[in-house]
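I opened the model to look up a few backbone details, the domain layout and the confidence scores. My notes follow.

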Amino acid sequence: MIPELGQLALILALLMATLQCVLPLLGAWRGNATLMAVARPAAAGQAVFVALAFGVLAYAFLSFDFSVAYVADNANLALPWYYRFVAVWGAHEGSLLLWILLLNVWTVAFAAFSRHLPEPFAARALGVLGFISVGFLLFILLTSNPFTRLLPMPADGADLNPLLQDPGMISHPPMLYMGYVGFSIAFAIAIASLLGGEMDNAWVRWARPWTNVAWGFLTLGIVVGSWWAYAELGWGGWWFWDPVENASFMPWLVGAALIHAQAVTEKRGTLRAWTLLLAIFAFALSLLGTFLVRSGVLTSVHAFASDPRRGIFILGFLTAVVGGSLLIYSLRAPKVAAGKAFATLSRETLILVANLMFAACAAMVLLGTLYPLIGDALGLGRISVGPPYFGFLFMLLMAPALFLLPFGPFARWGRADAGELGRVLRIVALAAAVLGGTLGFLAWRGSHEFRALLGAVATVWVLSGVVLYARKRWHEAPAGRRYPAELAGMLLAHTGVGVFLAGALLTTALSVERDVRLAPGESVRVGAYDFRFDGVQEIKGPNWLAQQGTVSVFDHGAPVTVLHPQKRTYTRGQVQTEAAIRPGAVRDLYVALGEPLGSGGAWALRVYDKPFVRWIWSGGLLMMLGGFLAAADRRFRAQRAPQPAPAVTSAPAESAA
Amino acid sequence: MNPTRKRRMTLVLLIVAAVGIAAALTVYALQQNMNYLLTPSQVLSGQGADYKTFRLGGMVKSGSLQRDAHSLRVDFAVTDGDHDLPVEYTGILPDLFRENQAVIATGHMDGGRFVATEVLAKHDENYMPKELAEAMGKAHAKHHVGAAAQEPTP
């Protein structure tokens, strides 16, 4: 009975979503205040029903209701309660339900905080959000119903994919989806302003904190996913250019570009059409990302089952959203007014160049990700695009943006002071050459990898620019107004870029990875450490049996740590490697069990020394914090009434760019 | 030409040049990193000779797996039902590597042997990679090598 309530709740939510989509858009078109007023109550009602459906599914998991097919497929009696709860979004149907739940969270937040906006504008934006909701609810109800019954009811269920039984799984999808779905707000605001022709700067000011928060969540989701892959997949890699990683990375790139473009549009009124286009693409790529993962058109770790009806629905919905919004854009964007002119050497130009690089990078990733599909359609054979394609072009395309990063904050809007930029160039170049060169040489001596040198130089280049600008503010701005949240967020995020660079390039250059065969008592030297294999014993978990190895690590004879990598066999027979990691600020020591080799207790082991690998995720977390901090700036909240024209731009230094 | 036009001209030329360079680099990088998936029959008919590296897909032939006693080297044969190809690999095989199961190996031909640098096994007991299933479509029909369905590889 209870699962049917969930089904009913979804149907009611669909009705509410339809109301939320149709009536306010109609009202805004006709100037009918009554119809526009439907938007908020309909959004609230839809949220209640979606939350109810989600709650019902969670309850079905927690109470072992195996008469629900989705529960029976993804949980069993031995699964601990927290993994049963996580299993709600462990497969296709439930993850869509999570998506729609988060869309409702964002919609309700938008409805609550948008009361001071002009009514037609808010009504249009909520209508657009309603349209997205209708699409997803229809998709769930027509092709992916999580409440389908399974008769006769099995005595016990299957199991959650063991890859997903990890703390990372608890937070990875919700964070990623918070980011994906968050771009729907920027999208809705962009479409609403195109529909209404109200393309003044107010909507951009209004969209900025939403974009920043969404991007922050997306960053967090990607960081958690990367860390999860590192700890859980047992290969010690942190990024694989897997289609699904790419799917989350494309909106991230466009989102990063959008954050900067919105800053320009808000402050100067320029690049409006470009900002609108980026808002559309950020969300379109989020949708594509969700569907690429779910549709199974691409082969990847994450792809769930596939069903041709799903593919067709997805294609239709994507076409409607992307095609529709681009149509509106092409009709309305030519009417967008131009903003203030800017010189060739100005902050606008720097941001524009970086923006183009980000967009080109997203296009490059899109091409590489979809190329196997294109190749298949053109009959070129079954092709896959190797990771070096992405790695090589990514470094190449991001290099100009990194080169410009130290100068961005120093460059004035409109026309930059060439003398000041020249001074910054000299200092930053000197710091990068001397400090970066020295550190890089020390790192390079150990590995003879040019990327170690490159990593140190690039990191110092970026960080010295950030420090230099922080120092300038400290000297020139009055106390208390030195680092407003928006500016501090920018500095923090740019620091994150530097830290990430150090992590990514140094880890790639300096890691030592050895696959070895070890009998109990034998040692192997990896980097500066000796790893001694002390054999394997059997241990038992709630729903798995494991071979647990013991590996003692020594640094020149002094014991460092003892690691316990596992090879687990889950109830359904799936085998899963659990790596053992000694984390550290400067290096991780990483051991994973391969397979038993013959008699005598010998095993194949992966033994890794991974310097600076934590810096990769620390950098990502700093970028995320920067996004959140910038969104908290009082400037975005202070103006209660919508401004017909923006207040005169603040001093150039005051903006995050 | 007036100064504004001149500046615009320069800008347009710069953009065209940048797009051209970017497109050329992308095409080059794509060509360098495209891996074709071939079955043993296709390799034995000579198709593998065209590529520096490619991916070999098929089933691990039953009884063909041999481990070296002192190193991580393994030898096995990959079959598509019609033909077998010997494969050598040094390293740790994935968790789901089994005889009579689907496998995709990346590597190159060395004489009559395929030297693999990476071996991926299917991720679930019921599925095999979609692309592999298609590549082996005929073999499937003839030899009943397993159910074809969409599948994730790592």
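Which residue follows α13(A), and is its phi positive or negative? I looked it up: Gly379(A) follows α13(A), and its phi is positive, near 75 degrees.

**Conventions.** I am working with a predicted model, where local features need pLDDT of at least 70, side-chain atom pairs count only at pLDDT 80 or more, and totals for chains, interfaces and linings use all residues. Residues are numbered from 1 along each chain as its sequence is written, and chains are lettered from A and ligands numbered from 1 in the order in which they are written.

**Helix α13(A).** I checked its length next. Helices (H or I, at least four residues) and strands (E, at least two) are DSSP runs, numbered from the N terminus. Helix α13 of chain A covers residues 347–377, and its 31 residues should span 45 Å at 1.5 Å a residue. The expected span is 1.5 Å times one less than the number of residues. The end C-alpha atoms are 43 Å apart, which agrees. I also found a kink of about 50 degrees at Tyr371(A), shortly before Pro372(A). The bend is the angle between axes fitted to the seven residues ending at a residue and the seven starting there.

**Loops of chain A.** The peptide bond from Leu151(A) to Pro152(A) is cis, with omega near -5 degrees. Pro152(A) sits in the loop between α7 and α8. Trp241(A) has a positive phi near 55 degrees and is not a glycine. I placed Trp241(A) in the loop between α9 and α10.

Strands β7(A) and β8(A) run antiparallel and are joined by four bridges. Pairing needs at least two DSSP bridges between two strands. Gln566(A) stands opposite Glu578(A). Four residues lie between the strands, and Gly573(A) in this hairpin has a positive phi near 95 degrees.

**Domains.** I noted domain 1 (1–160), domain 2 (168–343) and domain 3 (512–608) in chain A. The bounds come from an automatic or database domain assignment. The centres of domains 1 and 3 of chain A, taken over C-alpha atoms, are 44 Å apart. Their contact takes six residues from domain 1 and five residues from domain 3. Contact means C-beta atoms, placed from the backbone, within 7 Å.

**Confidence.** The predictor gives the complex an ipTM of 0.77 and a pTM of 0.90. Chain B averages a pLDDT (per-residue confidence, 0 to 100) of 77. Among the elements of chain B, helix α4 has the lowest mean, 46, and strand β5 the highest, 92. Residues 138–154 of chain B stay under 50. Where pLDDT is low, the predicted coordinates should not be read in detail.

How values were computed: Two residues are in contact if their C-beta atoms, placed from the backbone, lie within 7 Å. pLDDT is the predictor's confidence in each residue, from 0 to 100.
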